[in-house]
Amino acid sequence: MTEDERTERERIAELRTPGRKWVFGQLQGWNCALCAARLYADRPICTVEVDYGSVTETYQLYVCAPSCEGARAACEAARAAQRPAPPDGDRPVIRAPRRRTGA
């Protein structure tokens, strides 16, 4: 068994611990099941059963692809690329507040 397979099994065991608290987005597949970051590229990891008293729901969990650290770095790089470049000089542009119209 390789180191990646061992850590993957440990992560799955951690996710399946009874009584674990979940964020709504993690159960719906919007957020990573491990780091709770917003998912842009994902991969399924396992299914879990959540007990709501008399009802038990089964959810498919997703995690960052390829890994949480790599996905976070790629997301930060994309955000930095989307930020507008500052104008010439070191001073940022200060915009006047909008005036409200209407009654």
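Mentor: Begin with the word contact, which means heavy atoms within 4.5 Å. Keep in mind that this is a predicted model.

Trainee: Which residues does Q26 touch, not counting residues up to four places away in sequence?

Mentor: Q26 touches R20, N31, C32, A33, A36 and L61. Q26 itself sits in helix α2.

Trainee: Is Q26 buried or exposed?

Mentor: The cut-off for buried is under 20% relative accessible area. Q26 counts as buried because its relative accessibility is 4%.

Trainee: How many helices and strands does the protein chain have?

Mentor: The protein chain has three helices and two strands. Along the sequence they follow the pattern α-α-β-β-α. Of the 103 residues, 19% count as buried.

Trainee: What share of the contacts with a separation of 6 or more comes from residues 24 or more positions apart?

Mentor: Such residues account for 40% of those contacts in the protein chain. L27 gives a case: L27 and Y59 are 32 residues apart in sequence, and their C-alpha atoms are 6.1 Å apart in space. L27 lies in helix α2. Leaving out residues up to four places away in sequence, L27 touches W22, V50, Y52, Y59, Q60 and L61. L27 counts as buried, since its relative accessibility is 11%.

Trainee: Where is N31, one of the residues that Q26 touches?

Mentor: N31 is in the loop between α2, residues 24-28, and β1, residues 42-52.

Trainee: Which backbone oxygen does the side chain of N31 reach?

Mentor: The side chain of N31 reaches the backbone oxygen of A36, at 3.0 Å. Beyond the residues up to four places away in sequence, N31 touches G25, Q26, A36, A37, R38, L39 and Y62.

Trainee: What should I look for in the phi of A36?

Mentor: Most residues other than glycine have a negative phi. A36 has a positive value, near 65°, and is not a glycine. A36 lies in the loop between α2 and β1. With 35% relative accessibility, A36 counts as partly exposed.

Trainee: Where is L39, and is L39 buried or exposed?

Mentor: L39 is in the loop between α2 and β1. L39 counts as buried because its relative accessibility is 10%. Apart from neighbours within four places in sequence, L39 is in contact with G29, W30, N31, C32, Y62, V63 and C64. L39 and G25 are 14 residues apart in sequence, with 9.7 Å between their C-alpha atoms.

Trainee: How many salt bridges are there?

Mentor: Start with the general idea. Side chains of opposite charge can pair when their charged atoms come close. Here the count comes to one salt bridge. The side chains of R20 and E14 form it, at 3.7 Å from N to O. R20 is partly exposed, with a relative accessible area of 24%. E14 is also partly exposed, at 44%.

Trainee: How do I read a pocket?

Mentor: Rolling a probe the size of a water molecule over the atoms shows where empty space is left. In this model, the second largest pocket holds about 160 Å³ of space.

Trainee: Which residues line the second largest pocket?

Mentor: The lining is made of L15, R16, T17, P18, G19, R20, W22, V48, E49, V50 and D51. The largest share of this lining, four residues, comes from β1. By class, there are five nonpolar, two polar and four charged residues. R20, the salt-bridge partner of E14, is one of the lining residues.

Trainee: Where is G19, and is G19 buried or exposed?

Mentor: G19 lies in the loop between α1, residues 3-15, and α2. G19 is exposed, since its relative accessible area is 72% and the cut-off for exposed is over 50%. G19 and V50 both line the second largest pocket. G19 and V50 are 31 residues apart in sequence, and 8.3 Å apart in space from C-alpha to C-alpha.

Note on methods
Residues are numbered from 1 along each chain as its sequence is written. This is a predicted model: local features need pLDDT of at least 70, side-chain atom pairs count only at pLDDT 80 or more; totals for chains, interfaces and linings use all residues. Side-chain values use heavy atoms; hydrogens and water are left out. A polar contact is a pair of N or O atoms within 3.5 Å; within protein, one must be able to donate a hydrogen and the other to accept it, and residues adjacent in sequence count only if both atoms are side-chain atoms. On a 1 Å grid over the protein atoms alone, a cavity is a set of points where a 1.4 Å probe fits but cannot get out, and a pocket is an open set with protein on both sides within 12 Å along at least five of seven lines; lining residues have an atom within 4 Å of a point. Grid points are joined across faces, edges and corners, and a volume is the space filled by probe spheres set on the points. Ala, Val, Leu, Ile, Met, Phe, Trp, Tyr, Cys and Pro count as nonpolar, Asp, Glu, Lys and Arg as charged, and the others, Gly among them, as polar. A salt bridge is a side-chain nitrogen of Lys or Arg within 4 Å of a carboxyl oxygen of Asp or Glu. Buried means under 20% relative accessible area, exposed over 50%, partly exposed in between (1.4 Å probe, protein chains only).
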